[in-house]
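Open the model in your viewer and keep the sequence panel beside it.

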Amino acid sequence: MKKTFFRLLCLSFVVLSFSNCEKDKEGTLELQFKLMYDGQPLAMFDKHDYPDGSSIFFDRFNLFLSNSSLMKEGEKAFAFDVQLLDFSEIQDMEAAQKGLTVNLGEFPIGSYDGLEMGVGIAPELNKTSPKDYSSSHPLANNYWHQWDSYIFMTIEGKADVSGDGMHDLLLTYHIGKDEAFSSRQYQTPFEIEGGKKTTLEMQIDLLDILSSGNDYLDIKATPVDHSTDPEVYEFFYKNMPNAIKVNS
């Protein structure tokens with residue numbers, strides 16, 4: 001009996017040691033996304049100056065990321081799942097400074113070159129629809145059947161374009177369609193250590209989505225677009241990759 005107990009104890013120790021050893025070969029990676037406006041944390045309903053002299057606030061912003069990967073030795077190494085970033089509940093400065101944290105899961109330890117981020121829904125995924133997913137999956141929502149497409153990005157808010165203090169111009173931009181998908185590589189080296197958590201801070205600047213240099217979206221002329229005006233949605237998707245930055 002004592003020998004049997006000793007063997008079981010040794011076996012348990014070996015299994016536990018092997019489990020810990022395997023665990024140490026991976027580490028957790030998370031991305032902390034902060035929504036900004038002109039370089040400052042953005043909370044919904046906070047008023048900001050727009051380049052045309054208007055006052056503007058936002059009450060909804062969400063964005064899909066897909067076909068994204070970790071980069072290692074110049075190549076895509078490990079893909080991570082589709083993510084839906086919804087900042088609509090970020091309604092005070094404390095929440096804005098914290099942002100949204102996305103746990104991407106565990107990855108092998110080692111040095112990584114950075115990330116490749118797909119902004120929107122990649123064309124092969126855009127051929128699917130919510131019925132193809134469980135109710136908890138990010139792709140179970142935000143689908144527009146009239147387009148046969150997901151809504152890649154939603155920007156909603158109001159503007160005071162007359163200077164009378166009344167934010168009475170409704171702003172609604174729903175961006176979708178395959179051509180609105182874009183991707184970019186972010187060359188920001190990071191290390192994943194065994195049994196530890198690595199956090200990368202990402203910033204999304206809404207002003208950089210709505211403007212580029214001295215060029216900006218004419219919100220007075222086009223306060224609403226549901227991906228019907230190519231000039232509008234092309235402006236958005238060309239700006240999107242540069243609006244997302246890694247805070248190294």
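Helices (H or I, at least four residues) and strands (E, at least two) are taken here as DSSP runs, numbered from the N terminus. By that count the protein chain has five helices and 20 strands. The model is predicted, so local features need pLDDT of at least 70 and side-chain atom pairs count only at pLDDT 80 or more, while totals for chains, interfaces and linings use all residues. Residues are numbered from 1 along each chain as its sequence is written, and side-chain values use heavy atoms, with hydrogens and water left out.

**Whole chain.** Colour by burial next, where buried means under 20% relative accessible area, exposed over 50%, and partly exposed in between (1.4 Å probe, protein chains only). Of the 248 residues, 47% count as buried. For contacts (heavy atoms within 4.5 Å), take pairs of residues at least 6 apart in sequence: 76% of these join residues at least 24 apart.

**Gln32.** Go to strand E1, residues 26–37, and pick Gln32 within this strand. Which residues is Gln32 in contact with, leaving aside neighbours within four places in sequence? They are Lys98, Leu100, Thr101, Thr199, Leu200, Glu201 and Met202. Show the side chain of Gln32 and the backbone of Lys98: a polar atom of that side chain lies 2.8 Å from the backbone oxygen of Lys98.

**His48.** Move on to strand E3, residues 48–49, which holds His48. Is His48 buried or exposed? His48 has a relative accessible area of 15%, so this residue counts as buried. Beyond residues up to four places away in sequence, His48 touches Tyr37, Leu42, Ser54, Ser55 and Ile56.

**The largest pocket.** Select Asp215, Tyr216, Leu217, Asp218, Ala221, Thr222, Asp229, Glu231, Val232 and Phe235, which line the largest pocket. Strand E18 (215–216) and helix H5 (230–243) are the elements that give two or more residues to this lining, and H5 gives the most, with three. A pocket is an open set of points on a 1 Å grid over the protein atoms alone, where a 1.4 Å probe fits, with protein on both sides within 12 Å along at least five of seven lines; lining residues have an atom within 4 Å of a point.

Note on methods
Polar contact = N/O pair within 3.5 Å; in protein donor to acceptor, adjacent residues only side chain to side chain.
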